[in-house]
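Student: I am new to this structure. Please take a close look at a single part, the surroundings of the ligand.

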Amino acid sequence: MGSKDSNRRACGGERAPRVGIYGVTNVGKSSLLNRITGQQAAVVSPVAGTTTDPVRRVFEVAGYGPVIFVDTAGIDDEGSEVGRLRVAKTWQTLSEVDLAVVLLADARPSGAEQRLLDRIRANDVPYLLLPSRAADLSAEEVLRRICAAIPGEADAMPPFFGERAIVAGEVILLVCPIDAGAPAGRLILPQVQALRAALELGAVAIVVQPEQLGEALRLHAPRLVVTDSQAFREVTTLVRERCPEAEVTSFSVLLAEQKGDAAVYGAGLAAVDGLKAGDRVLVIENCSHQVTCDDIGRTKIPGWLRAYTGIESLEFTFVSGRDPLPESLSDYALAVQCGGCVATRRMVQARIRAAVRSGVPITNYGMLIRKLRGVSF
Ligand SMILES: Nc1nc2c(ncn2[C@@H]2O[C@H](COP(=O)(O)OP(=O)(O)OP(=O)(O)O)[C@@H](O)[C@H]2O)c(=O)[nH]1
Ligand SMILES: [Mg+2]
């Protein structure tokens, strides 16, 4: 377990891996969760279909760190409409988990279990098979096997500043507006992640609001300027004028590179110029927050897209948090994915794959805003 621990520390360690528990109804999924956490986390009963919504429980594994376990509804619970809804919730969790623990009822997988394994493989989720009820394994042994099977995040997650070889002592300037959209009393996650990554590189991190950028550029010659997407135009203009050798990017573009797929997003961006009257645009956000009047995904992006294309009749659909993407994805002319700061890379990648499979061009908030707000690179 030690090497995984150092892997997770290397990437910041703030994200606990998620482990889903899957199998047919009554196979002992909830009992296993309770046994390994030593808690009554999930309801257990002999009635098939006891677990309905996924149950998530954080558990600190000795010598490893926190793991989020996700207990799910049995995948064969399809005899009723409500059962089918339960199973659909189980399938959704496949885009969030880093490891699937599959409890097999018998030595050989049944038809339903085989379909489960096919789904897991189709979602590229690593999995661990455990024998029926895992009753002859101690909780410690089950945890040991699970932790050994969780892929190291550092292996999968590129560094926050990507391929930029930033040298200790170089200045990274972060532009963080404290406006009506900023949460009270704290920075948002991408800003914290950028600060942390800059410190790890030994860079000199300077943080300003857009109004103080001119003063900061008078005092420092940054190698990299990272701005909130909304201030892209002003920040780029000023940096080009005062410090032309500095690269300007945004938190959302860095996240697009780290968790998304810059090439797919770049190709998706081209679809903006082909949008037509009545086209449908899907806006995908991974966090869930109260919608405000100047909400970036709900208000600003639709407004900027309508203004840029001159097409008032664009129709927008919004997906937030862990909600599933619409069934009829191919009805959309464009999908726009947020940076995914609170999402796992796997979750963002799953959504990109779904769009690509349906032939829907997909791009990212930051890259789209950079285009719509008239900054050419
Ligand atoms: N003897 C024995 N019984 C078990 C074991 N694990 C679970 N059971 C029993 O099997 C029944 C179902 O257990 P659950 O943990 O609720 O099964 P589940 O897979 O979560 O079921 P659903 O939520 O309905 O999909 C309960 O009566 C448990 O007491 C085990 O290891 N040994
Ligand atoms: Mg259960």
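Tutor: A residue is near a molecule if one of its heavy atoms lies within 4 Å of it. This is a predicted model, where local features need pLDDT of at least 70, side-chain atom pairs count only at pLDDT 80 or more, and totals for chains, interfaces and linings use all residues. Residues are numbered from 1 along each chain as its sequence is written, chains are lettered from A and ligands numbered from 1 in the order in which they are written, and side-chain values use heavy atoms, with hydrogens and water left out.

Around ligand 1 there are 19 residues, of which Lys29, Ser30, Ser31, Gly49 and Thr51 come nearest. By class, this shell holds seven nonpolar, ten polar and two charged residues. Here Ala, Val, Leu, Ile, Met, Phe, Trp, Tyr, Cys and Pro count as nonpolar, Asp, Glu, Lys and Arg as charged, and the others, Gly among them, as polar.

Polar contacts come next; each is a pair of N or O atoms within 3.5 Å. The side chain of lysine 29 places an N or O atom 2.7 Å from an oxygen atom of ligand 1. For serine 30, a polar side-chain atom is 2.8 Å from an oxygen atom of the ligand. Valine 27 takes part through its backbone, with an N or O atom 3.2 Å from an oxygen atom of ligand 1. On its own, ligand 1 has 650 Å² of accessible area, and the protein covers 76% of that; such areas come from the Shrake-Rupley method with a 1.4 Å probe.

Terms used:
A polar contact is a pair of N or O atoms within 3.5 Å; within protein, one must be able to donate a hydrogen and the other to accept it, and residues adjacent in sequence count only if both atoms are side-chain atoms.
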